[in-house]
Amino acid sequence: LKITDCFILYAVTLAALQYAYMCAFGSFPYNAFLGGFFCSVGFAILTVCFRMQIDPSQREGANKTGNLERVFADYCVACVFLFFIAISYVG
């Protein structure tokens with residue numbers, strides 16, 4: 001859980017740095033800024049959802065016996081789709 005917390009902190013910090021850079025130096029390639037910013041925010045949101053699913057204190061009932069490998073695979077597929085959409089938006 002600590003690793004996922006670090007990923008969330010990293011993604012939020014990266015989004016804040018991108019926003020500060022855009023405010024300081026302008027947003028000439030605006031599509032690149034939007035792609036990078038939404039990719040960072042989306043990655044943070046996906047990681048929060050992943051953390052909620054693997055946290056033992058929040059898993060109850062049928063979810064306690066849930067397959068953690070399936071949750072991780074869903075997270076990986078969602079991240080790949082997010083990054084693919086961000087890359088195709090920039091290009």
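How closely do the axes of helix 2 and helix 3 come, and at what angle do they cross? Let's start there and then look around the rest of the fold.

## Two helices side by side

This is a predicted model, and in it the axes of helix 2 and helix 3 come within 9 Å, crossing at roughly 170°. Angles over 145 degrees count as roughly antiparallel, so helix 2 is roughly antiparallel to helix 3. As for what sits where they touch, the contact has 19 nonpolar residues, five polar ones and no charged ones.

Helix 2 covers residues 30-54, while helix 3 covers residues 68-90.

## How confident is the prediction?

The mean pLDDT of the protein is 89, and 91% of its residues reach 70 or more.

## The nonpolar core

Seven residues make up the largest nonpolar core: A11, F43, A44, F50, V71, Y75 and C79. Helix 2 and helix 3 are the elements that give two or more residues to this core. In soluble globular proteins, nonpolar side chains tend to be buried together.

Take A44, one of the core residues. Setting aside neighbours within four places in sequence, A44 is in contact with I8, A11 and V12. A11 is itself on the list of core residues.

Now for a couple of stops along helix 2. S40 lies in this helix, and with a relative accessible area of 7% it falls under the 20% cut-off, so S40 is buried. Not counting residues up to four places away in sequence, S40 touches A11, L14, A15 and Q18. S40 and V12 are 28 residues apart along the chain, yet their C-alpha atoms are separated by 6.8 Å.

T47 also has its place in helix 2. At 1% relative accessibility, T47 counts as buried too. Leaving aside neighbours within four places in sequence, T47 is in contact with T4, F7, I8 and Y75.

## Out in the loop

Is N67 buried, partly exposed or exposed? N67 sits in the loop between helix 2 and helix 3, and at 44% relative accessibility it counts as partly exposed. From N67 to I54 is 13 residues in sequence and 9.7 Å in space, going C-alpha to C-alpha.

Definitions and conventions
Residues are numbered from 1 along each chain as its sequence is written. This is a predicted model: local features need pLDDT of at least 70, side-chain atom pairs count only at pLDDT 80 or more; totals for chains, interfaces and linings use all residues. Side-chain values use heavy atoms; hydrogens and water are left out. Helices (H or I, at least four residues) and strands (E, at least two) are DSSP runs, numbered from the N terminus. Buried means under 20% relative accessible area, exposed over 50%, partly exposed in between (1.4 Å probe, protein chains only). Contact means heavy atoms within 4.5 Å. pLDDT is the predictor's confidence in each residue, from 0 to 100. Axes are lines fitted to C-alpha atoms, for helices over the stretch in contact, and angles run from 0 to 180 degrees between N-to-C directions. Angles under 35 degrees count as roughly parallel, over 145 as roughly antiparallel, 65 to 115 as roughly perpendicular and the rest as oblique. Ala, Val, Leu, Ile, Met, Phe, Trp, Tyr, Cys and Pro count as nonpolar, Asp, Glu, Lys and Arg as charged, and the others, Gly among them, as polar. A nonpolar core is a set of buried Ala, Val, Leu, Ile, Met, Phe, Trp, Tyr and Cys residues joined through side-chain atoms within 4.5 Å.
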